[in-house]
Amino acid sequence: MTPEQIYNVTQGSYLAAAALFIFSLRWLSRPETARRGVLAGVLGMVAAIVGTLVHPDIAHYEWIAVGVVVGTVIGVPLSRVALTAVPQRTALSHAFGGLAAGLVGTAKYALWLADGELTAFRMGAIAVEIILGFLTFTGSLMAAGKLQEVIPTRPITYRNQNFINLTLLAIAVGAGLWLVIDPLRWELFPVIVGLSLLFGVLLIIPIGGADMPTVISLLNSYAGLSAVAMGFVLENKVLIIAGALDGSSGFILSVIMCRAMNRSFTNVLFGAFGQVQAAAAAGEQKAVKSATPQDAADLLETASQVVIVPGYGMAVAQAQHRVHELRDQLAKRGIGVKFAIHPVAGRMPGHMNVLLAEAEIPYDELVEMDDINPDFPQTDVVLVVGANDVVNPAARHDKSSPIYGMPILDVDKAKSVIAIKRSMNPGFAGIDNELYTADNTVMVFGDAKAVIGDVVKALTGGSGIH
Amino acid sequence: MAGLDLWAMAFVFMLATFIGFDVIRNVSRLLHTPLMSLTNAISAIAVVGSLIIAGEEKSTFSTALGTVAVAASVTNIVSGFLITDRMLRMFKRREPGK
């Protein structure tokens, strides 16, 4: 083939890839067509890779093969993690995306520096690419560490934190600008890399576990934008398009997460949640009404409408399948059952839906917050399993509460509430929950899996409770 | 010439971002976790840049970085598409009559 024909093949395959990626996301909008979306994405990726491999500059394949083998060996087990660990896997993949962008930017700088081909535009694009890439790399590793709980999930703070962090970033950006003016000052390059790596770590350590859904979405956006920057460096339009799709997706998800927690971006990134709570937690102690699984079963049996509110605690206790059995038992008695899903239930956007889908709970019974809130006053019994802050009525009226203003599930408006909880310890964000002491609430203490198992046994009237 | 390319790329970026906002806004909240793993796999298109760096073997340094970048991107492609499909297979409607 002539070089011109090869160029046309490459660009044609990139054009097809870009179109397939857009179709892929379009088909993902509904569960009925979503798997077709995955297929379109795979085809687009294959088209782009084939179109690249015909490139005349690719003279050797052995190191490419090594990379592909290593990537496959790591990638396959990573796709088989438990669904509770999907947020960590996602954070890790943001880290890999950032790393690839940072490394390609570094390699391009070294090659163009040696050949004397560094224009101001190329240098500027490389600077953006490596800053975004490397800060996404370490930031996402930190987020994954916090989600996996190998790093403390509590916010880690120190004096003048925001000032120090922003100064580091400003120095890195300043060094980048200097390189644009004088690309031959190569000794500035490792300074930018080091500062970006450090900034990524410092950006995430003050952020608490409760904010992880937002952080993970934001890092998603950064990973996409670093792919865009790589597209500008390599003058490759399919990279710009795919990166922009990823970047806008991460951005939209971060906005949804911020709204669901009534926080602003700046507040999440620079606010260090968790500091305020020590004072708020010292309120007066009201008595709770404790109940047995048998009591809970009796209450559920008399209901005609039941709403189950699952939280991450349900997944930690691995109680999803028992919840499914409970749903079947209630449905068999003609009792209407729905699941109320708060946008931040779980540890990443949409996490709870996946956890319940795994337990084979039909997705048309999973109802979003805004759609189910008007139903609570007509609901006989609400069963809260492992959810806490998202059902705390203090968010509606208590201005001193750190979660004041956060949209919540109005479960306290139901006729009665059963809350299953391991103990009276405050939840993930460390805030007291007045729902537990409300007149229409009973608490069943114990492991969610065991408690729901006992409730199901009581309902079936089998061997009873032990 | 380089200036012209820069503007063409900026236009592509702007248009793709608008398409992204539009398409993503229509994705049901039910599927936001698979959405994130799918966009993740798609943005591993960075593999394109990594392949050229690793394959042109211009210097030991660039080849080493390119190889690691290929490995990182392929990890995202493989695990991203596989786990998205695995999650989507779990979403089922209520069976009729149940």
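## Chain A overall

Among contacts in chain A between residues at least 6 apart in sequence, 79% join residues at least 24 apart, where two residues are in contact if their C-beta atoms, placed from the backbone, lie within 7 Å. The model is a predicted one, in which local features need pLDDT of at least 70 and side-chain atom pairs count only at pLDDT 80 or more, while totals for chains, interfaces and linings use all residues. Residues are numbered from 1 along each chain as its sequence is written, and chains are lettered from A and ligands numbered from 1 in the order in which they are written.

Chain A has 18 helices and six strands, these being DSSP runs numbered from the N terminus (helices H or I, at least four residues; strands E, at least two). The C-alpha trace of chain A spans about 80 × 50 × 35 Å along its principal axes. Of the 466 residues in chain A, 53% are buried (20 or more other C-beta atoms within 10 Å of a residue's own; exposed means 12 or fewer, and partly exposed in between).

## Contact with chain B

In chain A, 97 residues are in contact with 80 residues of chain B. The elements of chain A that give two or more residues to this side include helix 1 (3-27), helix 2 (34-53), helix 8 (212-234) and strand 3 (366-368), and helix 4 of chain A gives the most, with 15 residues. The residues on this side of chain A divide into 57 nonpolar, 27 polar and 13 charged (Ala, Val, Leu, Ile, Met, Phe, Trp, Tyr, Cys and Pro count as nonpolar, Asp, Glu, Lys and Arg as charged, and the others, Gly among them, as polar).

## Helices 1 and 2 of chain A

Helix 1 of chain A and helix 2 of chain A pack at an angle of about 165°, with their axes 8 Å apart; the axes are lines fitted to C-alpha atoms over the stretch in contact, and angles run from 0 to 180 degrees between N-to-C directions. That angle makes the two helices of chain A roughly antiparallel (over 145 degrees; under 35 is roughly parallel, 65 to 115 roughly perpendicular and the rest oblique). The residues of their contact divide into 15 nonpolar, eight polar and one charged.

## Helix 12 of chain A

The buried residues of helix 12 (residues 293-301) of chain A are P293(A), A296(A), A297(A), L299(A) and L300(A). They lie on the same side of helix 12 of chain A because they cover an arc of only 165° around the axis, taken from the directions from the helix axis to the C-beta atoms. Among the elements of chain A that cover these residues are strand 1 (305-310), helix 14 (320-332) and helix 18 (448-460).
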